[in-house]
Amino acid sequence: MKQITAIIKPFKLEEVREALAECGVTGLTVTEVKGFGRQKGHTELYRGAEYVVDFLPKVKVEVAVKDGDVESCVDAIVKAARTGKIGDGKIFITSVERVIRIRTGEVDDDAV
C-alpha cells in the first residue's frame, strides 16, 4: 500500500478530486498549506508599503491506495493539476506499513 501526497495549486483541487474519483479513490485528506520552491515568492503592495510574500498558498492532497493503483492515480493527478507554469507542485509516494479503520477494525487493503 502507498500514500500519495500531492502539493498543488488551490484552484486545481476540484479537478484533482474528480480525477481521483474516476480512478476509484473513495476518500482523501486535504490540507491548506503554504510553501515555495523554484517559484520563490513575490512582492505585493499593501496600504502603500511593499512587502515580500515568501510562502505561497498551496493545497496538500493525501490519499492511500493499493500498490496496483498508484500509477493510474499519479497520472490522474498530473493531468488534472498541470498548468504548464512554474509552481504546479509535486507528488510524493511513500510506503504505508499498516492501515486500520477505527470504526470496524478492518486492516490494510480492507481499510482503504
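**Salt bridges and the sheet**

Glu106 is partly exposed, with a relative accessible area of 31% (buried means under 20%, exposed over 50% and partly exposed in between, for a 1.4 Å probe and protein chains only). The model is a predicted one, in which local features need pLDDT of at least 70 and side-chain atom pairs pLDDT 80 or more, while totals for chains, interfaces and linings use all residues. Residues are numbered from 1 along each chain as its sequence is written, and side-chain values use heavy atoms, leaving out hydrogens and water.

Glu106 has a partner: it forms a salt bridge with Arg101, their closest N and O atoms being 2.8 Å apart (a salt bridge is a side-chain nitrogen of Lys or Arg within 4 Å of a carboxyl oxygen of Asp or Glu). Arg101 is also partly exposed, at 27%. The count comes to 4 salt bridges. Among them is the one between Lys9 and Asp88, with 3.8 Å from N to O. Lys9 sits in the loop between strand 1 and helix 1, and Asp88 in the loop between helix 2 and strand 6, so this pair ties together parts 79 residues apart in sequence (helices are DSSP runs of H or I with at least four residues, strands runs of E with at least two, numbered from the N terminus). Both Lys9 and Asp88 are buried.

Turning to the sheet, 4 strands form an open, antiparallel arrangement in the order 2-5-1-6 (two strands pair if DSSP finds at least two bridges between them). Strand 2 (29–35) and strand 6 (89–95) are at the edges with a single partner strand each, so one side of each has no neighbour in the sheet. Strand 6 pairs with strand 1 (residues 2–8) over 7 bridges, and here Ile7 stands opposite Lys90.
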